[in-house]
Amino acid sequence: MLRLTSSTLARSFRANLKYPSLVSYNKLPWEVINHETTQLHLHLAPNYEQLLSLAAVTSVPHLTVPSHLHVPEAEQLRVLPGMLYLIGGEAGRHAPPGFTSYVVADPSALQYYGRLHHTIAPIQRVEMCTSADLRLLCLALHFEGVLANTTETSSLQQASSASQDGAFSLFYYFRPNRPANELTRPFEKFYQHRPSLASFAGLGSEKASGWSPVLQVPKRAGAKAALTPAEPYRPPQNYLMGLAERLAVRPGSAFGRRSLMWGTWF
């Protein structure tokens with residue numbers, strides 16, 4: 001009777017790389033964004049602009065907080081992903097508790113914050129904060145002040161007035177290796193989800209009553225283009241199963257498939 005030793009048993013349960021037994025269809029490598037590449041900043045920078053432009057004109061509920069949120073370590077992975085907030089003053093210049101911060105100095109990653117830097121608020125530095133178990137990330141943007149016009153009751157004015165120099169920080173928590181739609185889903189509530197009828201306002205005016213469509217002038221080919229002869233017809237040459245000379249086939253043989261006979265595929 002054969003007995004499986006410990007080494008044989010461990011070898012049988014070894015992960016087979018050629019024939020994997022588990023395929024994660026929800027974590028395809030071409031649909032997942034790596035936070036160390038520029039794709040993360042490409043998707044998040046336009047949403048940061050929308051968030052701060054909205055916070056400059058109105059008071060966004062639960063956006064400005066006095067200090068970092070103290071969440072128990074057992075509940076961080078359930079509570080923090082998708083959460084973002086503004087912190088003004090000295091409290092926002094430090095990383096969240098339990099996170100290690102690294103400065104993002106790649107110019108190809110910082111290029112997506114150019115319009116945000118020149119129109120809304122100048123960016124002092126961008127930091128990537130990682131948790132101790134590397135299962136939670138936080139992207140921190142530290143601003144030096146506000147360039148856009150803000151109202152007195154806006155969230156951006158409340159965050160920038162916490163310090164003398166007007167510095168504030170924006171923190172956004174997310175999980176690593178997630179698709180782009182999951183990273184941008186928390187920002188959807190900061191957009192105006194109603195249609196605008198401004199394009200139909202001019203249809204009832206007097207100018208619209210006398211409107212008539214104007215056709216574009218057709219772009220005709222020049223005289224030299226007509227002298228160029230047409231490209232001669234070349235029949236398609238497809239060797240689906242290889243050359244007949246190399247395979248040494250005989251006319252009429254189907255190679256195990258009735259649809260690929262001599263007169264059909266060659």
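Student: Which share of the contacts between residues at least 6 apart in sequence joins residues at least 24 apart?
Tutor: In this chain, 68% of those contacts join residues at least 24 apart in sequence. Keep in mind that the model is predicted.

Student: OK. How many helices and strands are in the chain?
Tutor: The chain has 11 helices and seven strands. It runs to 266 residues, and 31% of them are buried.

Student: What order do the strands take in the open sheet of five?
Tutor: The order is 2-6-5-4-3, and the pairing is antiparallel.

Student: Which strands stand at the edges?
Tutor: Strand 2 and strand 3 (99–103). Each has a single partner strand, so one side of each is left without a neighbour in the sheet.

Student: And how far are neighbouring strands turned against each other?
Tutor: By 25° on average, with direction ignored.

Student: Let's look at strand 5. How many of its residues are buried?
Tutor: Seven of its seven residues are buried.

Student: Which ones point which way?
Tutor: L137, L139, L141 and F143 point one way. C138, A140 and H142 point the other way. In a regular strand the side chains alternate between the two faces of the sheet.

Student: How many bridges pair strand 5 with strand 4?
Tutor: Seven, in the antiparallel sense. T130 has L137 of strand 5 as its bridge partner. R125 stands opposite H142.

Student: What else is L139 in contact with?
Tutor: Leaving aside neighbours within four places in sequence, its contacts include H41, L44, Y48, Y113, V126 and M128. F171 and F174 are also among them.

Student: How many residues does the largest nonpolar core have?
Tutor: It has 36 residues. Those with the most contacts inside it are Y48, L116, L139, L141 and F143.

Student: Which elements supply at least two residues each?
Tutor: Among them are helix 2, strand 4 (123–131), strand 5 (137–143) and helix 7 (180–184). Helix 2 gives the largest share of this core, seven residues.

Student: What lies apart from it?
Tutor: Another core, of 12 residues. V71, L80, Y85 and F171 are among its members.

Student: Switching to aromatics. How many aromatic pairs are in the whole structure?
Tutor: A search finds eight. Take Y85 and F171: their ring centres are 5.8 Å apart and their planes lie at 35°, so the pair is tilted.

Student: Where do Y85 and F171 lie?
Tutor: Y85 is in strand 2 (residues 84–88) and F171 is in strand 6 (residues 168–174), so the pair ties together parts that are 86 residues apart in sequence.

Student: Is Y85 buried or exposed?
Tutor: Buried, at 1% relative accessibility. F171 is buried too, at 0%.

Student: Which other aromatic pair does Y85 form?
Tutor: Y85 also pairs with Y173. That pair is tilted, at 5.9 Å centre to centre and 40° between the planes. Y173 is in strand 6 and Y85 in strand 2, so this pair ties together parts 88 residues apart in sequence.

Student: Which residues do ring pairs link into a cluster?
Tutor: Y48, Y113, Y172, F174 and F187.

Student: Now H68. Where is H68 found?
Tutor: In the loop between helix 2 (39–55) and helix 3 (76–79).

Student: Buried or exposed?
Tutor: H68 is buried, because its relative accessible area is 9%, and the cut-off for buried is under 20%.

Student: What does its side chain reach?
Tutor: The H68 side chain reaches the backbone oxygen of H94 at 3.1 Å. A polar contact of 2.9 Å also joins the side chains of H68 and Y85.

Student: And which residues is H68 in contact with beyond its sequence neighbours?
Tutor: Setting aside those within four places in sequence, the contacts include I87, A91, P96, F171 and Y173.

Student: Last one. Where is the place of A159?
Tutor: A159 is in helix 6. At 1% relative accessibility, A159 counts as buried. Beyond neighbours within four places in sequence, A159 has contacts including T64, L86, G88 and F168.

Methods. Residues numbered from 1 in each chain as written. Predicted model: local features only at pLDDT ≥ 70, side-chain atom pairs only at ≥ 80, totals over all residues. Heavy atoms only, no water. Helix = DSSP H or I, 4+ residues; strand = E, 2+ residues; numbered from the N terminus. Buried < 20%, exposed > 50% of the residue type's maximum accessible area, 1.4 Å probe, protein only. Polar contact = N/O pair within 3.5 Å; in protein donor to acceptor, adjacent residues only side chain to side chain. Contact = heavy atoms within 4.5 Å. Phe/Tyr/Trp six-rings, centres within 6.5 Å; stacked < 30°, edge-to-face > 60°. Core = buried A, V, L, I, M, F, W, Y, C linked by side-chain atoms within 4.5 Å. Pairing = 2+ DSSP bridges. Axes fitted to C-alpha atoms, helices over the stretch in contact; angles between N-to-C directions.
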